[in-house]
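Dear colleague,

After it you will find my notes on what was found, and I would be glad if you could read them with the structure open.

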Amino acid sequence: MRTALVLLLSITATAAGGSGNQSALNSQGAPAIHVEHLIIGITVVCAVVWLLVMIVLGWALLRKRSSDSGPPRDRPLTTIVSSAVAATVVIIAALTIASFYTTRSIGLPGNTALTITVRGQQWWWQVIYADANPAFSFQTANEIHIPVGQDVQIQLESADVVHSFWVPSLAGKQDLVPGRSNSLLLRAERPGTYRGQCAEFCGLQHTHMAMMVIADEPADYQRWIAAQRENSVMPTYADAAAGKAAFLSKPCAACHTVRGTSAAGTTGPDLTHIGSRQTIAAGLLETTRGSLAAWIADPQTLKPGNNMPMVPLTSVELRDISAYMESLK
Amino acid sequence: MNRSVVLDLSKLPPHGLGTASLTWWGTLAFMLIEGTGFALSIVVYLYLMSLAPHWPLDAPPPDLLPGSGLTALLIVSLLPNMLIARWARQQNLAKVRIGLVIMSLLGVAPLFLRVLEFPAMHISWDQNAYGSIVWVMLGLHTTHILTDLVETLVLTCLMFSKHGDNPRRYGDVSDNAMYWNFVVATWLPMYVCLYWIPRL
Amino acid sequence: MIVRDEVEDLRDTALDEVQLDRRLSETWSTPTGLWGALSTVDHKIIGRRYIYTAFIFLALGGILALAMRLQLSEPEARFIGPDRYNQIFTMHGTNMMFLFAVPVMEAMAVYLVPLMVGTRNIAFPRLNAFSYWMYLAGGLLLWIAFAVDTGPDVGWFAYVPLSGPQYAAGKRADIWAQMITFTEVSALAVAVEIVVTVLKQRAPGMSLDRIPLFVWSMLVTSFLIILAMPAIMIASTALILDRLVGTHFFNPAEGGDVLLWQHLFWFFGHPEVYIIFLPAVGMVSTIVATFTRRPVFGYLAMVMALVTTGVLAFGLWVHHMFVAGLPRLGESFFTASSMAIAIPAGLQIFCWLATMWAGRPVFKTPFLFVIGFMVIFVIGGMTGVMVASVPFDTQVHDTYFVVAHFHYVLVGGAVFPLLGAIYYWFPKITGRMMSETLGRWTFGLIFTGFNLTFFPMHILGLQGMPRRIYTYQPEMPWSGLNMFISLSAVILAAGFLLFFIDAIRSAASGPAAPDNPWGASTLEWATSSPPLPYNFARLPVVGSLEPLSNNSETLSVAGGLSVDRRELIVTSVVEALPEARESSPGNSIWPLWSALATTVLLIWSIFTPWAVVWGSIPVSIALIGWFWPKGTPEDDT
Ligand code: HEA
Ligand code: HEA
Ligand code: CUA
Ligand SMILES: [Cu+2]
C-alpha cells in the first residue's frame, strides 16, 4: 500500500508535469520544492501509520481464538495501548517540528529586490509594477513576469472580496483580504509559464480567475520590463487605426486604460500591451484576434456574470477593435 | 424479563427544589449559553479595538452618568432579589407577592436609564464598527432585561392567581431570581468595557 | 400554604403488572389523530420524526451532490450554470452540516438517551417539541428558497464581504444567516435537554462511571453545542445587521474587519465538526461492545478522550485560516494544537482495536459499518494531520484535497457509524429487523463507492484543482479523474438507495424484533421493541456499567412512583442517588404555536428590523400559553 501510494504520487507528479503546469507535485521554485518534500514526507509517515493500524485491525478481527482459555486479561493490552499513544505523541511532535522548519526554510517575503503588487478583483488580477520613478511604473493584468532564480515579493491586496493567490508550482497560496495587505514569496528556478488560479471562492466567476506567472531569464525579463514601460504602440494598419478611434469613442475607454491614448478607465484591466499577453480574461482564452473578437462581441456568454458588459458594436467596428487590441503588443 | 423491586421511592418528595429541580439546571444551562454570548461580544469589542488606530473610533468616550446610574440601580436591585429568593424558599406567599411587585418595578426602572444610555454613546450604529458593537452590546443586554421583566410580570400574575401557592411556582420564582442575578452580573463587565476601556 | 383536598395518590407498588401497564398508558400515551401528533411531547415520537426528517435532508443533499458530480464529470460541461452551481454547492454543504449531520446526531440522542439512562422522557419535553418544529421550519425555509431560485450561493461558511451588503444583493445570504438561527435555536434546545437529562434523570445507581459511552459522548457534544453555537449566533446576527441596518462589523472602510467573520465562524465551525463526530464515536463504542461481546476496553480512557477532544476543539479554529495572513508564529501554535487532537483520537482507535482483539467479533451489518469506519476515518484523520501542517496546507487549502479530507471524516467518521447505528437500533425504534442480506450489500456498495469517489480527490487537489469551481478547462489534467469520480458516485448513490429501500421496506414488513435482538447490555434493550410511551413500567436500578449482562434474567427496578401523573425520578449528579419524584410535562400544542410565532419573527426580520419588535408580541403570548399552568396533575403537584 505504501509503495502504491508513493507510486500514485509520482504518477500524478509526472502527469501534472506534462500539461497545465499547475500542480503542487510539480514544484519549480524553492518555496514549492520545500513544501513538496514535506508533503511527500508526511504522506509517507501517515500512510505507514495507517497501514499499521489496518494490519492490527485485520489481525484483531480475524485471529484464531482458542475456545477454552478464558477472556484475555487487560494488563498487557494497557501496556500496548499506552505505547501506541506514546508513539503517536512522538510522531506528531516530529511532524510539527518538520512543518515548523519547512516554514522557516521558505523564508519570509520582505527583503527582496523586487516587489510586485497584485490586486484581486472580481474576477481578474490587477498587477502593478511600481517603481520609485513614476514614469517607470506600469500595470498589467492576469500575467506576471518574474526573473528566474530570484526571490520576488508579491504584495497582495483586494479591491472587493477575499481571493487567494495560488501558483502551486512556485509557492503555496495566500489570501487577498480586503482592508489588509498580505505578502508572499515567489520564486522560480527555471524559466517557464506557470499557471495559477484563484483559490478562495469569490463569487460567480471564481472558476475563471486564473493567471500566468512567466519566469524569464534575467535578460528577457529586462527586455519585457522595458517594453511594458513604453506607451502603447501607434497602430500601423488601417483597420487597427480605425479600431483605435472606435475604442476611444465607445464606452471601452471609460473602463480601460491604454497608455498613450485618452483611454484612462480603471474598472477593467489595463490594455496598453494586451496583445503581448498569452491569455485574455483571466486565463479564459488564448490571445488571438479571433478570441479577442469573440470576447468583445459577447463577454457575458463566454464568462457569464463578469463585470464587462456587452457593448453593441457593428461587425466592422468589432473587427477593427479586435485588430487594434491585437496590435497592442 | 422479570423485574425485582430493590428500591422504594415512595417517600421521596413529589417535586425537587433547588439543585434537585430540573428547571434550576435548565436555567443554569441557558445562563451558560447566554454568558458565552456576552463574553464573545466583549471579545469582539476588544478585537475591533485592537485593530483601530484610536479608540473610540470618531467619537468621544461615552457619558458616564446614565450607565453608572443603571449599574447602581441594578446592584441595588440585588437586595430585594436575594430576599425574594429566600421568601420563595420559605414558600411565603404574601412576601413573595410583595417581592415580585417590587422586582417588576425594578425591572422597568433600568429601561428608562437604558434609553438614555444609547445617546450617551455619542455614536450611532451605522457610523462605524465602534458604533455597531456598542449598540449591539447594549441591545443584547436590554433584551435580557426585557425577557426577565416579562417573566417577572407573568410570575407576578401567576402568584396572584389560584395557581400561585404551589412548591413548583416557588421554584420558578427562585429560578427567576437567579436569572436576574445573572442579568446583573453580566452587566458589570460590559459596563467596565463600554464605559471605562475607552477612557484608558 | 393552602391545604389541598387530599387526592388518592395511586402508587405503582399497589398494582400488578397488567394494571400498571394500563394505568401508565392512560397517563403517558399520546392521543391519536392530528391534534395528538401536533401536541405530543413524547421523546420517542419526536426523536423518530427528527431522524426521518434528517434522512430526507440527507437524500436531498445527496441528490445535489450527484448534480455537482454530473456537472464536473467532463470539462466545460454545460448542465448547470455558474449561478445555479454556486447555489448547489452552498446548499449541499449547508444542508449536510446544519440540516443533516448535526440534527441527526441530536435526533438519535433525543430518542436514545432517555432510554439509555433509564428514564421516562427527556428533560423539558415541550422544549424538545419546540426544537423539532424550529428545525423543520429552518429546513423548509432553506429548501423553499432554493426552489424559487433564492438559495444561498456564498458557500457554507459564507465569508464576508462576499456575503455582505455590497456583494450579495437580494435575500440569498439572509436566507443562509436566518436558517442558521433556526438550527442554532433547535440545537441549543436539544443540548440543554440532553445535559439535564444526563445529569439529573439517570436511573438510580447509574453513577458517573456507569454511564454508557454513547451517553457520555452526547453529554460532551451538548456542552460543545452550548459553548460553540453562541459564536455563530453573534456572527450571523452581525451579518444580518450589516446587511439590514447598515452596521459595519465586517466593513474595513469603517473600522470593521473581514477576518473577524472568519474567526467567529470557525470558533464555532471547528467544534461543529466534533459535534458531528463525537456522537458517532459513541455509536462506535456501543456497537463495538455489543458485537465483540465484551465491554469496551479502557472505559475511563475513552471518557477522558471524549472530554479532551471537546476541550481541544476550542483551540484549533485558526487551522481553517492558515492562508489568511495571520502571524506565522501564531499559526505554528495551531499546527501543534491541531495535531494534538490525534492523541485522543488515536487513543480511542487503539481502545477499540484492543476491544476487538480481546473480544469475540460477530460480523453483523452494524459491525461491518464500524469496520468501514475504522478504515476510512483513519485515512481522514491522517489527512487531517496533513492539513494541520501550515506549509502543507498552503498548497492544499481550498482544493479538492480538503474536500477529500472532510468527506473522509464526515462520511467515514460520522455517516458510517450512523448507518451502523440505524441497523443496530432499528429493531428498538420500529420493532422490526432490517435485512441482513441487504445490509451487507448496502455496506459493500457504500464502502466501495465511497472510496472510489473520494480517494481520487486527494490527487486532484494536489494536481491543483481548487474547490467550488463549476467547471474546468480541457487543458487541465483533471478530466479523467473527475469522470471516474462521477461514475463512482453513482455506485455510492446506489448504496444509499439500497439503504433507503431496506429501511422503508423493513419498517413496513420486516420480521418482528425481540426486545434485545443483539444481546446488548444497555438499558434501552430492557424494554419492549418499540418501547411503550412510558419507556419503563418500573424504572430500572443500575448496579454496573452493563446492567443487562450481569443477571440478564431479572432487572432490578424501583417502586413507589405515582401513576396518576407523568412521574419520573430526579437523581444526584455524581452518584445518581434519588432526590425527588418529579412530574414530566404533558402534551401541549403551545410549543408548535411558539415555533410558528418565532418562525414568523425570524423570516419577517429578513425584511425589516421592526419585525423584532412586533413579532415578539405573538412569541411572548405563545410562550406564556406554554408555561401557564393548566391545572393538570403535572402542572400542579
Ligand atoms: C467529522 C468531521 C471532522 C473530523 C473528525 C475532522 C478531524 C480533523 N481535522 Fe478536519 N475538517 C472537517 C471535518 C472534520 N475534521 C471539515 C468539514 C473541514 C472543512 C471545512 C471546509 O473548509 O469546508 C475540515 C478541515 C480541516 C482543516 C482545514 C483545512 C483547510 O481548509 O485548508 C484542518 C487543518 O488543520 C483539519 C484538521 C483536522 C484534524 C487534525 C483532525 C483530527 O481530529 C484527526 C484525528 C484523527 C486521527 C489522526 C486518526 C486516528 C489516530 C491514530 C490512528 C493515531 C496515530 C496517528 C498519528 C501518529 C498521526 N480539518
Ligand atoms: C455530512 C456531510 C456531507 C455528506 C454526507 C456529503 C456527501 C457527498 N458529497 Fe459533499 N460536501 C459537504 C458535506 C457532505 N457531503 C460539505 C460541508 C461541502 C462543502 C460545501 C462548500 O464548499 O460550501 C461538500 C462539498 C462537496 C463537493 C465539492 C463541491 C465544490 O467544491 O465545488 C463535492 C464534489 O464532488 C461533494 C460530493 C459529495 C458526494 C458525491 C457525496 C455523497 O456521499 C452523497 C451520497 C448520497 C446520495 C447520492 C443520496 C442517495 C439518495 C438517493 C438516491 C435518494 C433516495 C431516495 C429517497 C428515499 C427519497 N461534496
Ligand atoms: Cu477570486 Cu476566487
Ligand atoms: Cu477544523
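**The shell around ligand 1**

Helices α2 (30–62) and α3 (75–106) of chain A, together with α8 (258–292), α11 (342–358), α12 (365–387) and α14 of chain C, each supply at least two residues of the shell around ligand 1, where helices (H or I, at least four residues) and strands (E, at least two) are DSSP runs numbered from the N terminus. This is a predicted model, in which local features need pLDDT of at least 70 and side-chain atom pairs count only at pLDDT 80 or more, while totals for chains, interfaces and linings use all residues. Residues are numbered from 1 along each chain as its sequence is written, chains are lettered from A and ligands numbered from 1 in the order in which they are written, and side-chain values use heavy atoms, with hydrogens and water left out.

The largest share of the shell around ligand 1, six residues, comes from α12(C). In total 35 residues surround ligand 1, the closest being Tyr274(C), Asp393(C), His397(C), His405(C) and Arg467(C); a residue is counted here if one of its heavy atoms lies within 4 Å of the molecule. Because residues from chains A and C surround ligand 1, the site is shared between chains. By class, the shell around ligand 1 divides into 24 nonpolar, nine polar and two charged residues, with Ala, Val, Leu, Ile, Met, Phe, Trp, Tyr, Cys and Pro taken as nonpolar, Asp, Glu, Lys and Arg as charged, and the others, Gly among them, as polar.

An N or O atom in the side chain of Asp393(C) is 2.4 Å from an oxygen atom of ligand 1, a polar side-chain atom of Tyr274(C) lies 2.6 Å from an oxygen atom of ligand 1, and for Ala388(C) a backbone N or O atom lies 3.3 Å from an oxygen atom of ligand 1.

The only protein donor of the iron atom of ligand 1 is His405(C), through NE2 at 2.2 Å, and His405(C) lies in helix α14 of chain C. Donors are N, O and S atoms within 2.8 Å of the metal (3.2 Å for Na, K and Ca), and water is not among the atoms, so sites may look incomplete.

The iron atom of ligand 1 and the copper ion (ligand 4) are 4.6 Å apart. The protein donors of the copper ion (ligand 4) are His270(C) (ND1), His319(C) (NE2) and His320(C) (NE2), which lie 1.8 to 2.1 Å from it, and in sequence these donor residues are spaced H-x48-H-H. His319(C) counts as buried at 15% relative accessibility, whereas His320(C) is partly exposed, with a relative accessible area of 22%; buried means under 20% relative accessible area, exposed over 50%, and partly exposed in between (1.4 Å probe, protein chains only).

**Ligand 2**

The iron atom of ligand 2 has His92(C) (NE2) and His407(C) (NE2) as its protein donors, lying 2.0 Å from it. His92(C) lies in helix α4 (residues 82–116) of chain C and His407(C) in helix α14 (residues 400–430) of chain C, so the pair ties together parts that are 315 residues apart in sequence. His92(C) is buried, with a relative accessible area of 12%, and His407(C) is buried at 14%.

With angles of 86 to 178° among its six donor atoms, the site of the iron atom of ligand 2 is octahedral, a label given to six donors if opposite donors are over 155 degrees apart and all others between 65 and 115.

Around ligand 2 there are 29 residues, the closest being Arg69(C), Tyr85(C), His92(C), His407(C) and Arg468(C). Helices α3 (43–72), α4, α14, α15 (436–462) and α16 of chain C each supply at least two residues of this shell, which by class has 21 nonpolar, five polar and three charged residues. A polar side-chain atom of Arg69(C) lies 2.9 Å from an oxygen atom of ligand 2, and a polar side-chain atom of Tyr400(C) lies 3.4 Å from an oxygen atom of ligand 2.

With best regards

Technical notes:
Tetrahedral: all angles 85-135°; square planar, octahedral: opposite > 155°, others 65-115°. Polar contact = N/O pair within 3.5 Å; in protein donor to acceptor, adjacent residues only side chain to side chain.
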